[in-house]
Structure formats: C-alpha cells, structure tokens
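The following report describes one protein chain, with attention to how its elements pack. Please consult the sequence and the structure alongside the text.

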Amino acid sequence: MASSSKYEQVKKDFLSGRIKGCKNFFEKNNCYIEAGYCNIILDNFKNAMADFDKASNDNIRAHWAKVLIQMITGQISSAPTYFEIRNFLEIDLSILITYCKGDYVEKIIRYADFMAFYNMECYKFIGRVFWAHNLMPAAMFFLERAKEKLYKDPELHYMLAYIYYDKQKNIKDAKKELDICLDILPEYAPAAKLLQTISN
C-alpha cells in the first residue's frame, strides 16, 4: 500500500485536472472509488461501475457515484440521499468542469428537480459551483431558482449579495439581499461585514 502522503499527492493531482498516472496508482492500491472517478473522466462508465461495485456495499460515496453515472447516461434506477447530494454534488460537478466535461454537467443538472425531491438545496449547490468556476449566467439561474424554493436561507441571500457586489457592481441589489439575509438571521457575520463594506 502506498504511503498516505503519496496518496494525497495523487488525489490532489486528480482534483487539479492532472489525471496522468492517477488511475493506475488508484487501481494498484485498491482505491476503488478514486479509480472509478478516473474512469468517469475517461468516459468508461462500465469500468467505473465495476470499480464502485468493488467498494463496500454501504459506501455512500460509491452509491452516489452510481447515481451520478445514471444521470449522465439517462438511465435512472436508484435515488440519491439527502446527505449524498449535500456532500458530493458540488465536488463532483467541480471535477467535471475542471476536466471540461460540460456535456456531463449539462446532463446532470437536467435532473435538478429530481435531486431537489431528496434535497432542496441542490439548486444552491449547483449555483455555487458555477459561481466558483466563474460561469455566472448559469450560477445566477440556479441561485435564483434556489431563492424560489429556499427564501429563508440566509446563506443564499448572502451569496447573491456578494455576486451583485463583486461581479455585477450592483450595490442596490446587493444591499437588498443583505437586508433580507440579516432580517432572517441578524447575527450572520459575513453579511453584516459586507454590508458595512458596501455602506462605507
């Protein structure tokens, strides 16, 4: 078994978009989940599914990854859980964007309403990952969609305020979202700090 430092370096390489040598390392060291994700990036869903099958039956990461492939292929046969969506959706969309798998991302987000049945925050997660990759029209679409469903979510209003302030230089709408955020949760420190910055 490779050292933990070597594993962490290879994992870091994979997450950074440097896949060369990663799959072989993961396979050699029985890192089935990681090898499966390499196979997704390499468009080999059959091998990816086999890798996830090798993982423990109760491994939620493996179960989620299978659902991810089902969404990409349009062959849904199982459902994600609330925690799987919360823990993995954002990370996995980010990985796919890093590897320029826009077609996969598009297919997954078509299932936003399906995922929202299990975790309503999925719209926020999708919007946030698009924001992180500076894909602002898509980010705003999903964050506004999230606002329709999760109006009482202070973090969501803060995110929208920050985008209005930082990306769009729209102070009026930024203040409006911050006021809503602080009305919902007066002690939300990041919002109070941003409001102070804008007001100075």
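Contact here means heavy atoms within 4.5 Å, and buried means under 20% relative accessible area, with exposed over 50% and partly exposed in between (1.4 Å probe, protein chains only). Helix α9 spans residues 122-132, and nine of its 11 residues are buried. These are Cys122, Tyr123, Lys124, Phe125, Ile126, Gly127, Val129, Phe130 and Trp131. After α9 comes Asn134, which has a positive phi near 60°.

## Basis of the model

Residues are numbered from 1 along each chain as its sequence is written. The model is predicted, so that local features need pLDDT of at least 70 and side-chain atom pairs count only at pLDDT 80 or more, while totals for chains, interfaces and linings use all residues; side-chain values use heavy atoms, with hydrogens and water left out.

## Overall architecture

The chain holds 13 helices and zero strands; these elements are DSSP runs numbered from the N terminus (helices: H or I, at least four residues; strands: E, at least two). The C-alpha atoms fill a box of roughly 55 × 35 × 30 Å along the principal axes. Of the 200 residues, 46% count as buried. Among contacts with a separation of 6 or more, 50% come from residues 24 or more positions apart.

## The largest nonpolar core

A nonpolar core is a set of buried Ala, Val, Leu, Ile, Met, Phe, Trp, Tyr and Cys residues joined through side-chain atoms within 4.5 Å. The largest one has 71 residues, of which Phe14, Phe26, Ile40 and Leu89 touch the most other members. Helix α5 (residues 60-73) gives the most to this core, namely eight residues. Leaving aside residues up to four places away in sequence, Phe14 touches Ile19, Cys22, Phe26, Tyr37, Cys38, Ile41, Ile95 and Tyr99.

Helix α3 (residues 32-41) packs with α5 at an angle of about 10°, their axes being 10 Å apart. Axes are lines fitted to C-alpha atoms, for helices over the stretch in contact, and angles run from 0 to 180 degrees between N-to-C directions. The angle makes α3 roughly parallel to α5; under 35 degrees counts as roughly parallel, over 145 as roughly antiparallel, 65 to 115 as roughly perpendicular and the rest as oblique. Ile33, Tyr37 and Ile40 of α3 meet Arg61, Ala62, Trp64, Ala65, Leu68 and Ile69 of α5. By class, this contact of α3 with α5 has eight nonpolar, no polar and one charged residues; Ala, Val, Leu, Ile, Met, Phe, Trp, Tyr, Cys and Pro count as nonpolar, Asp, Glu, Lys and Arg as charged, and the others, Gly among them, as polar.

Asp92, found in helix α6, is buried with a relative accessible area of 1%. Not counting residues up to four places away in sequence, Asp92 touches Tyr37, Arg61, Trp64 and Leu68. Asp92 and Tyr37 lie 55 residues apart in sequence and 9.1 Å apart in space, C-alpha to C-alpha.

## The α12 and α13 pair

The axes of α12 (residues 171-184) and α13 (residues 189-199) come within 10 Å and cross at roughly 150°, which makes α12 roughly antiparallel to α13. Ile171, Ala174, Lys175, Leu178, Asp179, Cys181 and Leu182 of α12 meet Ala191, Ala192, Leu194, Leu195, Ile198 and Ser199 of α13. The contact of α12 with α13 has 10 nonpolar, one polar and two charged residues.
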